[in-house]
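This report describes one protein model for a reader who has not seen it before. Please look over the sequence and the structure first.

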Amino acid sequence: MAFPSVRPRRLRVNPAVRRMVEETKLAPSELILPMFVKEGLTEPRPITTMPGVVQHSRESLRKAAAEAVRAGVGGIMLFGVPVNKDPQGSGGLDPDGILNVAIRDVISEVGDATVVMGDVCLDEFTSHGHCGVLTEDGRVDNDATLESYATMAVAQASAGAHMVGPSGMMDGQVGVIRQALDAADYQDVGILAYAVKYASAFYGPFREAVESSLEGDRRTYQEDPANAREALREVALDVEEGADIVMVKPALTNLDVIAAVRAAVDIPVAAYQISGEFAMVEAAAANGWVDRERAMLETLTSIRRAGAQIILTYWAVEAAGLLRSRY
C-alpha cells in the first residue's frame, strides 16, 4: 500500500470541498454592531483611531441601523455621547437623554427586525469617566451605582430596548437590574451581561469614541487579565442573578476564557471584539502588512470557534456582506 494512505489534504482540494467540511461557520445573525450617537451632531463625525467608524447624528444613526438590518446583522448595541456630563452621570438616566432618545429613534426605524440593545454604564456620562458614582474620597461606590444602573435599565426598556447590557462590572448589577425590570413590568427585556470584562490596554480607541473623561484606571472593578478562575466565578454569579446571555470582553486576548465559559454554562455566550483589536487589524492592513478581509474573517472565526455564538464587532455589517457572498 502506498504511503501515506491517510491524506487529510483530500478535504482541502478546492473551495467547494473546504466549504462542505468547514467545522465553524459564521452567520450574519450572530454579529452585533456597536454604534455611537453623539448629542447635537448634524452629520457623522469620524473616529480617528477606528477607521470607518463614526459618532452618528440621530439621523445618520437611523440610516445606519436600517443598513445593518438589510445586511442581516443580528443586533445593534447603542452607546450615547452627551454634550454635558456630571459626577452622577445623570444624562444616562434621563429618559430624554441622548442614549434613550437614540433607542427610540432606532426602534421607530427598524422595530423588531433586529435586536436593539443599550449599554448600561455611566462612564460615557460622568465627568470623572468612571463607570459608577464616587464616594467623597474618590472610590467607586458599588451599591450607589447599582441604584443608577437600575434606573438606567428601566429607562432604556421604556424607550423600547429589547435587551440591556450592564457593562460596569459592579457586584450585583445583573440581579438589581433584573429586579428593577420585572418590577416595572419589563419581564421580556433581556440582559446581556458583561460577565467577564477585563481591564485592558485595548480599550483606547473606544475612549475616543465616547469622549471619555477618565483619569486613572478601572482596575478596582474590571477584572485582572491574569485571572481565569475568577472569570468563571463572575459568570456563575451573573447566571444565578438572571443573565440571559453572558459575555467575555476583550475577545481575542481571551479565547481560552471564552472556551471555558462555553463549557461552564448552558445559556448563550457572547464576546466583544473591542476597539483596539479592530484598530490593530485596520492599521496593519493600511500598511499592507495583512490582507484586511481575510484577517477580519479569520479573527471573527477564531472567536466563534472558541465558543461565542454572538460577537460584537465594528465589522458587523461588512463581515455580514462577505459571509453572504461566501455561502
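## The annotated lysines

Lys 249 lies in strand β8, which covers residues 245-249. Strands here are DSSP runs (E, at least two residues) and helices are DSSP runs (H or I, at least four residues), numbered from the N terminus. The model is predicted: local features need pLDDT of at least 70, and side-chain atom pairs count only at pLDDT 80 or more, while totals for chains, interfaces and linings use all residues. Residues are numbered from 1 along each chain as its sequence is written, and side-chain values use heavy atoms, with hydrogens and water left out.

UniProt, in an unreviewed entry, places the feature "active site" at Lys 197 and Lys 249. The two span 53 residues in sequence, yet no two of their C-alpha atoms are more than 4.8 Å apart, so they gather at one spot. UniProt positions follow the numbering used here, feature names are shortened, and annotations may be inferred rather than shown by experiment.

## Surroundings of the lysines

Lys 249 counts as buried because its relative accessibility is 6%. Buried means under 20% relative accessible area, exposed means over 50%, and partly exposed is in between (1.4 Å probe, protein chains only). Leaving aside neighbours within four places in sequence, Lys 249 is in contact with Tyr 194, Val 196, Lys 197, Tyr 198, Tyr 203, Asn 254, Tyr 272 and Ile 274. Contact means heavy atoms within 4.5 Å.

Lys 197 is part of strand β7, residues 190-197. With a relative accessibility of 5%, Lys 197 also counts as buried. The side chain of Lys 197 reaches the backbone oxygen of Ser 167 at 3.0 Å.

The unreviewed UniProt entry gives the annotation "binding site" to Ser 275 and Tyr 314. They are spread over 40 residues of sequence but cluster in space, with a largest C-alpha distance of 7.7 Å.

Ser 275 is in helix α9, residues 275-286, and is buried at 1% relative accessibility. Beyond neighbours within four places in sequence, Ser 275 is in contact with residues including Met 50, Phe 202, Tyr 203 and Tyr 314. Its side chain reaches the backbone nitrogen of Phe 206 at 3.0 Å.

Tyr 314 sits in the loop between β10 (310-312) and α11 (316-326). Tyr 314 is buried, with a relative accessible area of 8%. Not counting residues up to four places away in sequence, Tyr 314 touches several residues, among them Leu 33, Pro 34, Met 50, Phe 206, Ile 274 and Ser 275. The side chain of Tyr 314 makes a polar contact with the side chain of Tyr 272 at 2.7 Å. A polar contact is a pair of N or O atoms within 3.5 Å; within protein, one must be able to donate a hydrogen and the other to accept it, and residues adjacent in sequence count only if both atoms are side-chain atoms.

Glu 234 counts as buried because its relative accessible area is 18%. Apart from residues up to four places away in sequence, Glu 234 touches Met 169, Ala 195 and Glu 223.

## Cysteines

With a disulfide defined as a pair of cysteine sulfur atoms within 2.5 Å, the count comes to 0 disulfides. Cys 121 is in no disulfide, and its nearest cysteine sulfur, that of Cys 131, is 3.4 Å away. That distance is too far for a bond. Cys 121 is buried at 1% relative accessible area, and Cys 131 is buried at 1% relative accessibility.

## The chain as a whole

The secondary structure of the protein chain comes to 11 helices and 10 strands. Of its 327 residues, 53% count as buried. Among contacts with a separation of 6 or more, 75% are between residues 24 or more positions apart.

Along its principal axes, the C-alpha trace spans about 80 × 45 × 40 Å. The accessible surface of the chain comes to about 14,800 Å², and 50% of this belongs to carbon and sulfur atoms. Accessible areas come from the Shrake-Rupley method with a 1.4 Å probe; for residues, only the protein chains shown count as cover.
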